[in-house]
Amino acid sequence: MQWVKDPICLSCGKPGITVYSFCDACHRRSLATTQIRAATLHVDPVRRTLHKMKYEGYFALADPLAELMIQAWSRWQTQIDMVVPIPLHAERKRQRGYNQAELLVKAIRQSLNWDCVPEALHRHRRTTPQVGLNINQRQRNVRGAFLANEGIVTGKRILLVDDVCTTGSTLDSAARVLLDAGALSADAYCLTTVSGRYDISKS
Ligand SMILES: [Zn+2]
């Protein structure tokens, strides 16, 4: 596997820049997440293993994948009060039988002492899968997809967890509603990040 190696973009956490700074994409935008970080690059064998876990029903693979996130976490220990997996829409969760982000958090929380609070965020609008969409389409697709539980998130430093960070649009959209609902900060941690010339239409 390929761990994410320094230097990385201070905002989206993607490697491929020469010094610690902001990548080209983050120079042009302002993400609602303070920092996004990932354990490994979105390449095989992790990419293939994640695909099996997510789409082929091998949910037990969440454990070894979560182990990678536990190992990489020690490089980046940000201050957080609660951990919130990116929710799936109820209908999609029913079809798949589980939410891959939630499985990852469940497999990690004991080792890292995370307070996991899935009820903090709700996906109330069903969105088209992001696969095959470009960055603008992705932003439009997930805009307004989430609702935050104000009573839970107000005054809290939140860590969002997802399986993959492609353009960061989903995490950004979720972070915006958390901050609007009174959260102090919203960081994000993913298993993998899509980097470099990898074609985002495939992820
Ligand atoms: Zn960046």
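User: Which residues in α2 meet which ones in α3?

Analyst: Keep in mind that this is a predicted model. On the α2 side you have Val 46, Thr 49, Leu 50 and Met 53, and they meet Ala 62, Leu 65 and Leu 68 in α3.

User: At what angle do α2 and α3 pack?

Analyst: About 135°, and their axes are 10 Å apart. Angles over 145 degrees would count as roughly antiparallel, so α2 and α3 are oblique to each other. Their crossing is left-handed.

User: Let's stay with α3. How many residues does it have, and how far does it reach?

Analyst: Helix α3 covers residues 62-73, which is twelve residues. From first C-alpha to last it reaches 16 Å, close to the 16 Å expected at 1.5 Å a residue.

User: And which of its residues are buried?

Analyst: Ala 62, Leu 65, Ala 66 and Met 69 are buried in α3. Looking down the helix axis, the buried residues fall within an arc of 100°, so they line one face of α3.

User: Why would residues spaced like that point the same way?

Analyst: An α-helix has 3.6 residues a turn, so residues three or four places apart point the same way.

User: Tell me about α5 then. How do α3 and α5 cross?

Analyst: Their axes come within 9 Å and cross at roughly 55°. That makes α3 oblique to α5. The crossing of α3 and α5 is right-handed.

User: Which residues meet there?

Analyst: From α3, the set includes Ala 62, Leu 65, Ala 66, Met 69 and Trp 73. Among those they meet in α5 are Leu 103, Leu 104, Ala 107 and Ile 108.

User: Switching topic: is Leu 171 buried or exposed?

Analyst: Leu 171, which lies in helix α8 (residues 169-180), has 26 other C-beta atoms within 10 Å. The cut-off for buried is 20 or more, so Leu 171 is buried.

User: What is Leu 171 in contact with, leaving aside its neighbours within four places in sequence?

Analyst: Thr 33, Ile 36, Leu 160, Asp 162, Cys 165 and Ala 188. Ala 188 is 17 residues away along the chain, and its C-alpha is separated from that of Leu 171 by 7.1 Å.

User: Last one: how do α6 and α8 cross?

Analyst: At roughly 35°, with the axes coming within 9 Å, and the crossing is right-handed. Ile 135, Arg 138, Gln 139 and Val 142 in α6 meet Ser 169, Thr 170 and Ser 173 in α8.

Conventions: Residues numbered from 1 in each chain as written. Predicted model: local features only at pLDDT ≥ 70, side-chain atom pairs only at ≥ 80, totals over all residues. Helix = DSSP H or I, 4+ residues; strand = E, 2+ residues; numbered from the N terminus. Expected span 1.5 Å × (residues − 1). Buried ≥ 20, exposed ≤ 12 C-beta atoms within 10 Å, placed from the backbone. Arc of directions from axis to C-beta. Axes fitted to C-alpha atoms, helices over the stretch in contact; angles between N-to-C directions. Parallel < 35°, antiparallel > 145°, perpendicular 65-115°, else oblique. Left-handed = near helix turned anticlockwise from the far one by under 90°. Contact = placed C-beta atoms within 7 Å.
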